[in-house]
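Me: I have a two-chain model open on my screen and would like to go through it with you. Please start with what I need in order to read your labels.

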Amino acid sequence: MSARPLLRRPVAVAALTLTALLLCAATWLLWPARPVAVAPSNTATSEADSATIEHGRYLAVLGNCMGCHTARGGAAFAGGRGIATPFGTVYSSNLTFDATGLKDWSADDFWRALHHGQSRDGRLLNPAFPYTNTTHVARADSDAMFAYLRSLAPVAAVAPPNDLGQYLGSQAALKVWRTLYFKPAEVLTVAPTDGPLRGAYLVNGLAHCSACHVPRNALGGSGDMLSLAGGLMAAQGWYAPSLLDPAEGGVQAREVAEIVALLQDGRSGSHIVTGPMAEVVQHSTQHWRPADLQATAEHLKALPVSSRVGAPPSDARPAQALAQGGRIYDQQCAQCHGAQGEGVRGNDGQWAYPPLAGNSTVLHRVPANLVQAVLFGGFGPSTAGHPRPFGMPPYVLDLSEQDIADVSTFVRAAWGNDAPPVSALDVQQLRASAVRH
Amino acid sequence: MLPPTRLAALLLTTHIAWAGAQPLPRFEDSLAQRMQACVNCHGQQGRAGPDGYYPRIAGKPAGYLYNQLKHFQTGQRKHALMARMVDPLSDGYLWEIAQHFAALELPHAAALPARAPAAVLQRGEQLALRGDASQQVPACTACHGAALTGAQPATPGLLGLPPDYINAQLGAWHNGTRQARTPDCMATLARRLPAADVAAVSAWLAAQPVPPNAAPVAATGTRVPMECGSFAAPVTPAAAKAVQP
């Protein structure tokens, strides 16, 4: 009889320990986060001088804050734009100094949001706001942006609640996500003003390049949130190419002037920016100071090369798809892109219609951007350096998903191109994501 | 009936045959070349006929076209494809594009044979030419030109358009998914018109031949029946530059 409690005791101890651990975990998960204590601002005063405000305005352009924090047709910085993520839609907040925005915020609160990803009341922010990048912004820059935002006319605008569901939208989920993927950076008091440090500061911080170019896992995270190894923007149906791989978007072999031109004019060599990057050029990089473009270009050029070991395309290309794709190409595409995919140059000697032979966008491992171009056509951004871009018609109304897959397969296999085929399912999925967007 | 694949193949062949029948213009570094992006929907040179859904844009007043391009950007008109087209373009470029299409004087396709019953067409004609005072609806001609070919600087012509397009626009104004500058007279009007009247006026307008000189008339001045934000010239980059000191 006395043996039974002896046997049962370890089980009971284990059960008690497990329960205690679970309780601890649940308490940790559900306990509301407190605002992290931050050092008070040295520089921000309630009446910032005009030079600080102007500096803050420029910093907001560097970060393209307005891009996400402005709804279509809405007041600038008043928020309310829906950002599609694989987990649901996140709505940007109002950054003007209205009661519905930042009216009660201090420069310290603003810094807490940028550096710690935490709202004024301690609420953890959704990482659709790229605080894995803004944590690298210097305190003086944060204070200047705050001064600029305070100088804007207040706008009353309440953003719709995020559409993420009960669990994914919870503070507990954010706590887990942050434990895995977010660590506040070391505090930087003042931003580097030039040289390689300036380029790294911009790319990793305000310009938040990795927000799109990072390869994300199923939880939307990455072991290195500053990685630029290329990422599928699943909810938008675009692929942000690897900036480490010269076969994709890597610029290691390019001249600095070419990289600057791409960011300033929206085109360079046979490259024309499209999709989300066109938006970045239009609203942000075309307005950057030449020295910042130069520093950024030098940083991007100096990134380590990491090419994907390209296994030769294993999927056999169906002959029928190639034949049908070739026919569609001749009828619909050759007039502008050339019978041999050679492209056409305008009077300025630059490409009006880019060559498709050897074109890295055509050859991306992920065919998203090619299929987007065929489905929806469109223009490059009109910039001061390239005010009148040429346009491409959309084919979503003229060609079936199979036809678009076939013509995409064809251009990925013709004229020395060698990339895997595209299926009608690929096209259908991209089309669906673009409609959601 | 044809199986869907045969039908699709037939449609595709027809489309390609039609496209192939057009002489392929040589590349030239021009605005017209840049606007090849528009032809799949709006027809060569923007002269889509009334037999599809998308409207002809050639010859519409530049102010009207510019307003529409901007409204696709701001979401006052909702069309995902058009928004994607115009989103990356500057105001200056949009104004040039509007002027380009406005300046095109191209022949119109023949009107569609009227398919609506005579009584419906009669009602449509009444609304278009005389209005209906009992519903506080002025005649279309009061603002869109006596011959309904539009008025400068920003009022569009109503002839040569597909009936479904006209119908859809009045519906969109009714529902608030198309908005013009305030006061938005067309939204007010669309909400006064019962659905049957919308269908009647769309059917009648689409069945009218376009007169040989289809150019928009000069500005109709102030003698218009309603307050209308769209009568004013749009704030174009060129206009904005002119008013700057």
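Reply: Helices are DSSP runs of H or I with at least four residues, strands are E runs of at least two, and both are numbered from the N terminus. Please also keep in mind that this is a predicted model.

Me: Thanks. Where does A:N64 lie, then?
Reply: A:N64 is in the loop of chain A that runs between α2 and α3 (65–68). Its phi is near 50°, which is a positive value in a residue other than glycine.

Me: And is A:N64 buried or exposed?
Reply: A residue counts as buried once 20 or more other C-beta atoms lie within 10 Å of its own. A:N64 has 20 C-beta neighbours inside 10 Å and is therefore counted as buried.

Me: Staying in chain A, which residues of helix α8 are buried?
Reply: In α8 (residues 195–204) of chain A, the buried residues are A:G199, A:A200, A:Y201, A:L202, A:V203 and A:N204.

Me: What covers the buried residues of α8(A)?
Reply: The cover includes α2 (50–62), α5 (131–134) and α12 (290–301), which belong to chain A.

Me: At what angle do α8(A) and α12(A) pack?
Reply: The angle is about 85°, and the axes of α8(A) and α12(A) are 8 Å apart. An angle from 65 to 115 degrees counts as roughly perpendicular, so that is how α8(A) and α12(A) are placed relative to each other. On the α8(A) side the contact is made by A:G195, A:P196, A:R198, A:G199, A:A200, A:L202 and A:V203, and on the α12(A) side by A:D292, A:A295, A:T296, A:E298, A:H299 and A:L300. Sorted by class, this contact between α8(A) and α12(A) has 6 nonpolar, 4 polar and 3 charged residues.

Me: OK, strands now. How do β1 and β2 of chain A run?
Reply: Strand β1 (residues 82–85) and strand β2 (residues 88–91) of chain A run antiparallel and are joined by 4 bridges. They form a hairpin, with 2 residues between β1(A) and β2(A).

Me: Which residue stands opposite A:G82?
Reply: That is A:Y91, which is in β2(A).

Me: What does the domain assignment of chain A give?
Reply: The assignment gives domain 1 (50–191), domain 2 (194–310) and domain 3 (314–437). Between domain 1 and domain 3 of chain A, the C-alpha centres are 36 Å apart.

Me: I also marked A:A352; which strand is that in?
Reply: A:A352 belongs to strand β8 (residues 351–353) of chain A. With 19 other C-beta atoms within 10 Å, A:A352 is partly exposed.

Me: What is A:A352 in contact with, leaving aside its neighbours within four places in sequence?
Reply: The partners of A:A352 are A:V344, A:R345, A:G346, A:F390 and, from the other chain, B:D29. As for A:L197, it is 155 residues from A:A352 in sequence and 36 Å from it in space, taken C-alpha to C-alpha.

Me: Last one: what about the phi of B:L148?
Reply: B:L148 is not a glycine, yet it has a positive phi of about 60°. B:L148 is placed in the loop between α8 and α9 of chain B, and it is buried, with 23 other C-beta atoms within 10 Å.

Conventions: Residues numbered from 1 in each chain as written. Chains lettered and ligands numbered in written order. Predicted model: local features only at pLDDT ≥ 70, side-chain atom pairs only at ≥ 80, totals over all residues. Buried ≥ 20, exposed ≤ 12 C-beta atoms within 10 Å, placed from the backbone. Contact = placed C-beta atoms within 7 Å. Domains from an automatic or database assignment. Pairing = 2+ DSSP bridges. Axes fitted to C-alpha atoms, helices over the stretch in contact; angles between N-to-C directions. Parallel < 35°, antiparallel > 145°, perpendicular 65-115°, else oblique. Nonpolar A, V, L, I, M, F, W, Y, C, P; charged D, E, K, R; others polar.
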